[in-house]
Amino acid sequence: MNSFGNEPGYRANAWSTAEIFYNEPECQGIRATNDSRGKERIRFKIRVRVVLAYDGIKKKFPFLYEVYLCVKSRRQLSQNMANTKRIHAMTKKELEAYDAALYQEWTGKILNWDDLQTFTEKMQWAKLYDDDPRKVVCADKIEVRTWVADRIGEEYLIPLIGTWDRYSDIDFSALPEQFAMKTNHGSGDVVVVQSKSRMSVTDKIDMRRKIETALKMDFGAYLCEMHYSKITPRILAEQYLVSEEGDLRDYKFQCFDGVVKYCYVDFDRFHQHKRNVYDLDWNLQDWNTGEYENYSGTIEKPANFEKMIAIAEKLSAGFSQVRVDLYNLHGRIYFGEMTFTSASGFRTFSSREADLMLGSMWNLPMDKSDS
């Protein structure tokens, strides 16, 4: 989903920071390298330096920093609206050329539309030609709740506190002390409130800026993830989930034709994001995605891992490819989200062999006759 998690917008992790700072002067040099793996590591190092610099300003001058972010958000929103209008006016052939250029810029590889073999290559076809309307429903963080409840039961949903069309509709006095707020169509706009009563004026301004900006953003057009553009933007707040360790592990099940093949387990998502990849026998794989490093400790397989697999397969049934994200808190399983275009197919794997292997599992009709 998702300009980058924040794609414009991925979620609030190291990768999501890329889009925010990608156009800063410090980042312009990354286009000079053609090595995709090295390219991502250069991005990561630059992001860390820039984030630390801005973090220092934030601590010393919080209100001034928030004014800067408001100005920056307006500029990003203006750019997003201009790009959205231009991209939605493109023909499929023009979109192919545009997407191929993005693919080469992010991965360093040339996309051959007539010979798509890898997982990331096939995702480019799916973004432009798989118009399954169910993807819109399942990508909508509000509408997907009904989808999930109908298939596996409401007990797997994170308790919903409320939904709103506008930020001004929210009665904050009625919200609990802890909650997580986000938009139903966005990514990277999650605001976690651990203590409402201790929020400063700057914190409240920051939350409003993030949510209101996200409501106006089109998170689909920029990276050709068109199903996100079809979601009517709304706001939702959910119960805040936290584990005793303070890091809620995210179990991401990679599914093809309703069958789970691998499980990505994400750790320290808001600090030093790490990921392990396991097969269904809980064997750690020797490949990974993006710039992620493996978690150094030993991770025990959840006692109800088979149940998690069964849930992911029920939710993914009928889709050629989807990633189903689940949480496992004290043995209780919660649904996270369903993602059809993870990192928009622009996050390279640690080896081409892994990209090819996953690509071989993805059965697509590859019919572009409507272009």
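Modeller: A cavity is a set of points on a 1 Å grid over the protein atoms alone where a 1.4 Å probe fits but cannot get out; a lining residue has an atom within 4 Å of a point. This is a predicted model, in which local features need pLDDT of at least 70, side-chain atom pairs count only at pLDDT 80 or more, and totals for chains, interfaces and linings use all residues. Residues are numbered from 1 along each chain as its sequence is written, and side-chain values use heavy atoms, without hydrogens and water.

Biologist: How much space lies in the second largest cavity?

Modeller: A volume is the space filled by probe spheres set on the grid points, which are joined across faces, edges and corners. The largest cavity has about 110 Å³. For the second largest cavity the volume is about 80 Å³.

Biologist: Which element supplies the largest share of the lining of the second largest cavity?

Modeller: Helices (DSSP runs of H or I, at least four residues) and strands (runs of E, at least two) are numbered from the N terminus. Among the lining residues are Val144, Arg145, Phe335, Gly336 and Glu337. Both α7 (143-152) and β9 (332-339) give at least two residues each. The largest share, 3 residues, belongs to β9.

Biologist: How many charged residues are in that lining of the second largest cavity?

Modeller: Asp, Glu, Lys and Arg count as charged; Ala, Val, Leu, Ile, Met, Phe, Trp, Tyr, Cys and Pro are nonpolar, and the others, with Gly, are polar. The largest cavity is lined by 5 nonpolar, 5 polar and 2 charged residues. In the second largest cavity there are 4 nonpolar residues and 1 polar, and the charged residues number 5.

Biologist: Which cysteine is in contact with Leu128?

Modeller: Leu128 sits in helix α5 (residues 119-129) and is buried, with a relative accessible area of 3%. Contact means heavy atoms within 4.5 Å. Beyond its neighbours within four places in sequence, Leu128 touches Lys92, Leu95, Glu96 and Trp113, and also one cysteine, Cys224.

Biologist: How far apart are the end C-alpha atoms of helix α8?

Modeller: The expected span is 1.5 Å times one less than the number of residues. Helix α8 (residues 201-216) has 16 residues and should therefore span 22 Å. The model agrees with this, as the end C-alpha atoms are separated by 23 Å.

Biologist: Is His330 buried or exposed?

Modeller: His330 is found in the loop between β8 (322-329) and β9. Its phi is positive, about 55°, although His330 is not a glycine. With a relative accessible area of 61%, His330 is exposed.

Biologist: Is Ala343 buried or exposed?

Modeller: Ala343 also has a positive phi, near 55°, and is a residue other than glycine. Ala343 lies in the loop between β9 and α11 (352-361), and it is one of the residues lining the largest cavity. At 1% relative accessibility, Ala343 counts as buried.

Technical notes. 1 Å grid on protein atoms, 1.4 Å probe; cavity = no way out; pocket = protein on both sides within 12 Å on 5 of 7 lines; lining within 4 Å. Buried < 20%, exposed > 50% of the residue type's maximum accessible area, 1.4 Å probe, protein only.
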